[in-house]
Amino acid sequence: MTIRYRDATAADAATLDRIFDKSFCDTFAHLYRPEDLDAFLSSFGIGDWEAQLNDPAYAFHIAEAEGEPVGYVKLGPMKLPVETGRPAILLDQLYILKEHHGVGIAHGLMDWALAEARSRGAEEMYLTVFIDNHRARRFYDRYGFVPVGRYDFMVGSHADEDVIMMKAL
């Protein structure tokens with residue numbers, strides 16, 4: 001399988017929306033009441049993706065398998081309740097379609113994210129991960145991220161317990 005990586009453009013808004021919705025639902029939909037999941041998924045639409053793709057505070061990188069987009073990573077400004085005295089960036093999302101897990105795509109996206117964060121002058125990278133998403137937590141542990149706090153991630157009216165993780169760059 002040929003994997004290629006590229007920066008996203010505003011034309012990728014619908015693609016990112018599709019990958020996000022499918023990945024999120026494949027992994028987490030069973031945890032929520034349908035009305036909470038619907039509220040969450042409908043709270044961020046194509047126009048929101050386009051706005052972020054056109055905002056230089058954000059950076060997106062897409063993974064393609066055999067020419068088809070199958071995952072992405074999104075960096076953005078810090079919005080987590082943490083105190084940091086150093087320049088920091090948020091690894092806001094890293095999603096890969098389930099059928100493409102385990103082939104190294106996440107590593108390619110993470111390596112790009114770390115390099116991009118450094119090139120933007122960040123000295124720390126933060127992220128949140130669902131406390132029971134053991135696969136993702138092991139992945140972030142391997143990259144040297146450490147838990148630094150707790151975060152309530154809202155899906156509709158349902159609060160998930162997330163772990164805030166940080167890596168010094």
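Me: Which residue in β2 is the bridge partner of Asp 7?
Reply: This is a predicted model. In it, β1 (3–7) pairs with strand β2 (residues 59–65) in the antiparallel sense, over five bridges. The bridge partner of Asp 7 in β2 is His 61.

Me: Which strands stand at the edges of the sheet, each with a single partner strand?
Reply: The sheet is open, has seven strands and mixed pairing, and its order is β1-β2-β3-β4-β5-β7-β6. A strand at the edge has a single partner strand, so one side of it is left without a neighbour in the sheet; here these strands are β1 and β6.

Me: Which residue in the turn of the β6 and β7 hairpin has a positive phi?
Reply: Strand β6 (residues 146–155) and strand β7 (residues 158–168) run antiparallel and are joined by nine bridges. One of the pairs across them is Tyr 151 with Asp 162 in β7. Two residues lie between the strands of this hairpin, and the one in the turn with a positive phi, about 65 degrees, is Gly 156.

Me: Where is Glu 66, and is Glu 66 buried or exposed?
Reply: Most residues other than glycine have a negative phi. Glu 66 is not a glycine, yet has a positive phi of about 50 degrees. Its place is in the loop between β2 and β3.

Me: What do the buried residues of α3 pack against?
Reply: In helix α3 (residues 46–53), the buried residues are Trp 49, Gln 52 and Leu 53. Their arc around the axis is only 100 degrees, so they are on the same side of α3. They pack against α1, β2, β3 and β4.

Me: Is the crossing of α1 and α2 right-handed or left-handed?
Reply: The axes of α1 and helix α2 (residues 34–42) come within 11 Å and cross at roughly 155 degrees. That makes the two helices roughly antiparallel. The contact is made by Phe 20, Asp 21, Phe 24 and Cys 25 of α1 with Leu 37, Phe 40 and Leu 41 of α2. The crossing is right-handed.

Me: At what angle does α1 run to β3?
Reply: Helix α1 (residues 13–28) lies across β2, β3 (68–76), β4 (88–96), β5 (124–130) and β6. Its angle to β3 is about 90 degrees.

Notes. Residues are numbered from 1 along each chain as its sequence is written. This is a predicted model: local features need pLDDT of at least 70, side-chain atom pairs count only at pLDDT 80 or more; totals for chains, interfaces and linings use all residues. Side-chain values use heavy atoms; hydrogens and water are left out. Two strands pair if DSSP finds at least two bridges between them. Helices (H or I, at least four residues) and strands (E, at least two) are DSSP runs, numbered from the N terminus. Contact means heavy atoms within 4.5 Å. Axes are lines fitted to C-alpha atoms, for helices over the stretch in contact, and angles run from 0 to 180 degrees between N-to-C directions. Buried means under 20% relative accessible area, exposed over 50%, partly exposed in between (1.4 Å probe, protein chains only). The arc is that of the directions from the helix axis to the C-beta atoms. Angles under 35 degrees count as roughly parallel, over 145 as roughly antiparallel, 65 to 115 as roughly perpendicular and the rest as oblique. A crossing is left-handed if the near helix is turned anticlockwise from the far one by less than a right angle, and right-handed if clockwise.
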